[in-house]
Amino acid sequence: MHVEPEKTPTMVLDWGTLKWLVNPSTIEGAETTVGEVIVYPGRGHAIHNHPNAQEVLYVIEGEGVQTVGDSDPFPIKTGDAVFVPRGVDHSTFNTGWRALRLIVTYSPGGEERNFRSLPDYEEVPAGITPTWVREARPAE
């Protein structure tokens, strides 16, 4: 099955956008989830875990800091991959000036549904480009 990103809705959170291209909710028989996640510069998501799935992150572009389990935060950059075992706490933070672009997979798929329960969650319909809101800087 061929999936085109512009024909797929975009999940928007205060720290970034997520576009799930393959997942069990939209493709009959799919047993995994694959998508692109963009973490805005200077942003990241809270430590969390996926009790029902393992996760793999592949850095397409950018740089950041990753945590997995009890390890110290470590740098990630273009070309790196990170494996997060099922149920292990983890977080990702963009330390660069450009978007941190990741390919993210969940196995088994379905974990992406949990984003819908977050208070800052918004879904932008397919074909509509999400708007990134620039935050005001404190006066110097």
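## Overall picture

What percentage of the 140 residues of the protein chain count as buried? The share is 36%, where buried means under 20% relative accessible area, exposed means over 50%, and partly exposed lies in between (1.4 Å probe, protein chains only). This is a predicted model, in which local features need pLDDT of at least 70 and side-chain atom pairs count only at pLDDT 80 or more, while totals for chains, interfaces and linings use all residues. Residues are numbered from 1 along each chain as its sequence is written, and side-chain values use heavy atoms, with hydrogens and water left out.

## Fold and dimensions

The protein chain has 10 strands and zero helices, and its pattern along the sequence reads β-β-β-β-β-β-β-β-β-β. The radius of gyration is 15 Å, close to the 14 Å that the globule rule gives for 140 residues, so the protein chain is as compact as a globular protein of that length. Here helices (H or I, at least four residues) and strands (E, at least two) are DSSP runs, numbered from the N terminus. The radius of gyration is taken over C-alpha atoms, and the globule rule is 2.2 Å times the number of residues to the power 0.38.

Along its principal axes, the C-alpha trace spans about 55 × 35 × 30 Å. If you look at contacts with a separation of 6 or more, residues 24 or more positions apart account for 65% of them; contact means heavy atoms within 4.5 Å.

## Surface and charge

The protein chain exposes about 8,400 Å², and carbon and sulfur atoms supply 54% of that area. Accessible areas come from the Shrake-Rupley method with a 1.4 Å probe; for residues, only the protein chains shown count as cover.

As for charge, there are 11 positive and 20 negative charges, and their mean positions are 5 Å apart. Lys and Arg count as positive and Asp and Glu as negative, with His and the chain ends not counted. Each charge is placed at NZ of Lys, CZ of Arg, CG of Asp or CD of Glu.

The His-45 side chain makes a polar contact with the side chain of His-48 at 3.4 Å. A polar contact is a pair of N or O atoms within 3.5 Å; within protein, one must be able to donate a hydrogen and the other to accept it, and residues adjacent in sequence count only if both atoms are side-chain atoms. Beyond neighbours within four places in sequence, His-45 is in contact with Trp-15, His-90, Ser-91 and Thr-92.

Val-65 belongs to strand 5 (residues 63–68) and is partly exposed, at 28% relative accessible area. Leaving aside neighbours within four places in sequence, Val-65 has contacts that include Phe-74, Ile-76, Ser-91 and Phe-93.

Thr-8 lies in the segment before strand 1 (10–13) and counts as buried, with 8% relative accessibility. Finally, the peptide bond from Ser-107 to Pro-108 is cis, with omega near -5°; Pro-108 lies in the loop between strand 9 (100–107) and strand 10 (122–124).
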